[in-house]
Amino acid sequence: MLKLDSIKSDKIWGYELWIASTHPNGCQDNFKAFCGGDYPLLVKVIQANEALSIQVHPDDDWAVKLEGQGNRGKTECWYILDAEPGAKLVYGIKEGFSNEVLANAIKDNSLEQYLDYVEVKPGDFVFIPAGTVHAIGGGLRLMEVQQSCDLTYRLYDYGRGREVHIEKGLAVIKREEMIPVAPFPGQFECKYFELQKINVKGGWSFLCSKSDTPNPADVQLIYVISSNGATIHSDQSAEEAIQPEMIYAVAPGEKVTICGSATIMKIKAK
């Protein structure tokens with residue numbers, strides 16, 4: 001079991017903490033060694049004091065088509081950790097508008113009228129498949145699980161002067177039915193990852209499964225949402241206290257035990 005230390009990246013809107021990453025743009029070398037290579041997921045904590053740009057990410061096929069071989073797409077999800085009253089997200093675009101209409105709105109600085117907004121609160125869950133137009137609003141802190149990808153196409157940036165990627169961004173947009181934003185249901189899975197929220201009361205143990213062929217994706221992650229004096233240990237590591245926003249990597253075949261009262265998110269790559 002390995003406790004991971006975050007890599008901080010300051011932004012004009014707040015900051016990101018890359019808390020589980022083997023991506024070249026922010027690699028935790030000890031985590032990469034622990035996994036034995038490239039881990040297919042990237043986990044972040046995002047503090048948004050102001051709104052992020054309106055953006056979209058490519059899927060796997062578009063990532064290769066637009067950026068070259070070796071690139072992944074970026075399907076992601078958010079678990080809301082903290083939210084100021086009335087805090088909102090951009091979650092999709094309104095129906096019935098062509099890419100030409102959207103392109104003109106971007107140029108005219110009027111895109112906001114075509115966006116769907118949703119108010120969120122702590123504990124809410126947001127699933128964002130690649131191709132979904134989205135943005136984190138100000139006054140939010142969240143945990144993000146995503147494919148290990150750092151491709152972002154900005155459609156609109158509120159006049160901040162940063163580069164926008166209108167042609168690529170409009171090309172990768174998908175207009176599909178959205179999963180409604182709601183409190184995390186306890187378990188979620190998609191093509192790329194599985195999440196399980198566990199309320200520990202007294203004690204909980206977990207054996208990380210092995211596959212027939214060793215693979216970096218076999219490593220699983222335990223993210224601490226809350227803790228009331230709880231501790232963690234494995235059959236290969238000593239007991240230590242856990243605090244909110246700590247994250248641990250668990251090796252295949254390793255058994256982990258949490259004692260006390262805590263809420264955790266178990267994260268598994270697929």
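By class, the lining of the second largest pocket has nine nonpolar, four polar and seven charged residues. Keep in mind throughout that the model is predicted.

Now move to the largest pocket, with about 400 Å³ of space. Its lining is made up of 26 residues, and the ones to select are K11, E16, K44, D150 and T152, which lie nearest the centre. Several strands give two or more residues to this lining: β2 (7–11), β3 (14–20), β4 (41–48), β6 (76–83) and β10 (134–136). Which of the elements gives the most to the lining of the largest pocket? Select β2, which supplies four residues. Coloured by class, the lining of the largest pocket shows eight nonpolar, eight polar and 10 charged residues.

**The seven-stranded sheet**

Switch to a cartoon view and follow the strands in the order β2-β3-β4-β11-β6-β9-β13, which form an open sheet with antiparallel pairing. Look at the two ends of that order, β2 and β13 (182–183): each stands at an edge with a single partner strand, so one side of each has no neighbour in the sheet. At the β13 end, select strand β9, residues 124–128, which pairs with β13 in the antiparallel sense over two bridges. Show F125 and look across to β13, where A182 stands opposite.

Stay with this sheet and select I19, which is in strand β3. Is I19 buried or exposed? I19 has 4% relative accessibility, and because buried means under 20%, I19 counts as buried. Show the residues around I19: apart from those up to four places away in sequence, I19 touches L4, S6, Q28, V43, K44, V45, Y223 and I247. For a distance, pick the C-alpha atoms of I19 and M143, which are 9.6 Å apart in space and 124 residues apart in sequence.

Next, select R141 in strand β11, residues 140–147. R141 is also buried, with a relative accessible area of 15%. The side chain of R141 makes a polar contact with the side chain of Y15, at 2.7 Å. Beyond residues up to four places away in sequence, R141 touches Y15, L17, V45, I46, Q47, I80, L81, D82 and E245.

Go to helix α2, residues 60–67, and select D59 and D61 at its start. A side-chain oxygen of D59 reaches to within 3.2 Å of the backbone nitrogen of D61. At the other end, G68 follows α2 and has a positive phi, near 110°.

**Strands around β19**

Select strand β19 (residues 255–269) together with strand β15 (residues 193–207): the two run antiparallel and are joined by 15 bridges. Which residue in β19 is the bridge partner of L195? Show I267, which is that partner.

**The last stop**

End at E240, found in strand β17, residues 237–241. E240 has 30% relative accessibility and counts as partly exposed. Leaving out residues up to four places away in sequence, E240 touches K3, A230, T231, I232 and Y248. With Y248, the E240 contact is a polar one between side chains, at 2.9 Å. Finally, pick the C-alpha atoms of E240 and V219: these residues are 21 apart in sequence and 20 Å apart in space.

Definitions and conventions
Residues numbered from 1 in each chain as written. Predicted model: local features only at pLDDT ≥ 70, side-chain atom pairs only at ≥ 80, totals over all residues. Heavy atoms only, no water. 1 Å grid on protein atoms, 1.4 Å probe; cavity = no way out; pocket = protein on both sides within 12 Å on 5 of 7 lines; lining within 4 Å. Points joined across faces, edges and corners; volume = space filled by probe spheres on them. Nonpolar A, V, L, I, M, F, W, Y, C, P; charged D, E, K, R; others polar. Pairing = 2+ DSSP bridges. Buried < 20%, exposed > 50% of the residue type's maximum accessible area, 1.4 Å probe, protein only. Contact = heavy atoms within 4.5 Å. Polar contact = N/O pair within 3.5 Å; in protein donor to acceptor, adjacent residues only side chain to side chain.
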